[in-house]
Amino acid sequence: MALKVELKPGEKLLVGNCIITNSEQRSRLFIDGKAPILREKDILTTETADTPAKRIYLAVQLMYIQEDITTLRDEYFTLINDFVTAAPSTISIADRINNDILTGDLYKALKTAKELIQYEQDLFEHAAIRRGSLPDDSQDG
């Protein structure tokens, strides 16, 4: 069954090693075959991978695009192990990403890595709320 992708005007799509840019009007594509496919909104760059979870996603994304886990395996496992060490509550998400990679389901690993990014964002927001509720040193207590 073909993958159906609807693109907004000007939206980009990665298919294999090619970037497809839509024209000024909405388009619908049907893609048959096996190639890495990512929407523009799902693509991270080294500049936009500005948090630990996003760097993990970027490593998985590059494995997916290259269809090869060997080139980034060591870097990925260093990143994910450091992340889990810093935030042990993420172990179940990390285990799922690891299993997806090791079974060759890199697209699923990307989706799970997106969950890790959201979890990280939730942790940051929770920490900011807690910091806001703490008295600062200038207040008399």
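Reader: Which residues of helix 2 are exposed?

Author: Asp-74, Asp-82, Thr-85 and Ala-86 are exposed in helix 2. Exposed means over 50% relative accessible area, buried under 20%, and partly exposed in between (1.4 Å probe, protein chains only). Helices (H or I, at least four residues) and strands (E, at least two) are DSSP runs numbered from the N terminus. This is a predicted model, where local features need pLDDT of at least 70, side-chain atom pairs count only at pLDDT 80 or more, and totals for chains, interfaces and linings use all residues. Residues are numbered from 1 along each chain as its sequence is written, and side-chain values use heavy atoms, leaving out hydrogens and water.

Reader: And which residues of helix 2 are buried?

Author: Tyr-76, Ile-80, Phe-83 and Val-84. They share one side of helix 2, because they cover an arc of only 95° around the axis, taken from the directions from the helix axis to the C-beta atoms. The exposed four lie on the other side.

Reader: How many residues does the largest nonpolar core have?

Author: A nonpolar core joins buried Ala, Val, Leu, Ile, Met, Phe, Trp, Tyr and Cys residues through side-chain atoms within 4.5 Å. Here the largest has 35 residues, and Tyr-76, Ile-97, Ile-101 and Leu-116 have the most contacts inside it. Elements giving two or more residues include strand 1 (3-7), helix 2 (73-86) and helix 4 (106-133). Helix 1 gives the most, 9 residues.

Reader: What does Leu-116 touch?

Author: With contact meaning heavy atoms within 4.5 Å, and residues up to four places away in sequence not counted, its partners include Ile-80, Phe-83 and Ile-97.
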